[in-house]
Amino acid sequence: MDIATPSTKPKYSSPIMMDPTPNSNAPAAASAVSSPPSRYENQKRRDWNTFCQYLRNHRPPLSFARCNGTHVLEFLCYLDQFGKTKVHHQTCQFFGHPKPPAPCPCPLRQAWGSLDALIGRLRAAYEAHGGKPEENPFGARAVRIYLREVRDFQAKSRGVSYTKKRKRTIKLAEGNDSATTIII
């Protein structure tokens with residue numbers, strides 16, 4: 001690619017992709033006038049390239065056709081070394097405290113929300129590069145179970161609840177026959 005000539009198609013550096021051009025339902029004439037990729041699309045491309053790099057560096061190197069949910073789990077565990085979220089062990093004195101008063105030797109891990117968003121972007125990237133949704137390794141049952149376990153353990157470890165809160169109604173003022181209610 002020449003620096004002076006802009007390209008309308010993104011150039012991916014990964015040789016592991018199934019199809020170098022993402023599927024598109026848009027007509028060819030509409031793609032000639034396109035806006036720059038969104039922040040989400042850029043992140044999705046970076047995540048895809050990172051996963052492909054992980055597969056290339058795997059011992060032995062893996063082709064994407066042989067990749068399954070187990071390899072995705074290995075990738076998520078590999079990413080834990082770059083995490084910034086303190087996850088207390090059950091034996092730690094600060095287990096279950098959202099804001100511990102002192103430092104402890106517990107490890108830093110990837111936050112559940114980051115992993116969940118990453119898997120969502122990788123699932124979309126897989127399908128954008130020609131993968132079939134029913135064969136998507138990022139949607140494997142083992143990956144969903146792993147994410148649920150990470151969420152539950154981090155919630156207990158940090159004393160944070162990930163459950164949705166129920167809506168409550170509060171009556172502000174009662175008049176003759178009418179009352180004003182607010183749903184929180």
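So, surface first: the protein chain exposes about 13000 Å², and carbon and sulfur atoms supply 53% of that (accessible areas here come from the Shrake-Rupley method with a 1.4 Å probe, and for residues only the protein chains shown count as cover). Keep in mind this is a predicted model, where local features need pLDDT of at least 70, side-chain atom pairs count only at pLDDT 80 or more, and totals for chains, interfaces and linings use all residues. Residues are numbered from 1 along each chain as its sequence is written, and side-chain values use heavy atoms, with hydrogens and water left out.

Okay, the fold. We've got 5 helices and 4 strands (DSSP runs numbered from the N terminus: helices are H or I with at least four residues, strands are E with at least two). In sequence order they go α-α-α-β-β-α-α-β-β.

Now, salt bridges. The definition is a side-chain nitrogen of Lys or Arg within 4 Å of a carboxyl oxygen of Asp or Glu, and the count comes to 3. What does arginine 121 pair with? Its partner is aspartate 47, with the closest N and O atoms 2.4 Å apart. Arginine 121 sits in helix α4 (residues 112–128) and aspartate 47 in helix α2, so the pair ties together parts 74 residues apart in sequence. Arginine 121 is buried at 17% relative accessibility, and aspartate 47 is buried too, at 8% (buried is under 20% relative accessible area, exposed over 50%, partly exposed in between, with a 1.4 Å probe and protein chains only).

Another salt bridge joins glutamate 41 and lysine 44, at 3.3 Å, N to O. Those two are 3 residues apart in helix α2, about one helical turn.
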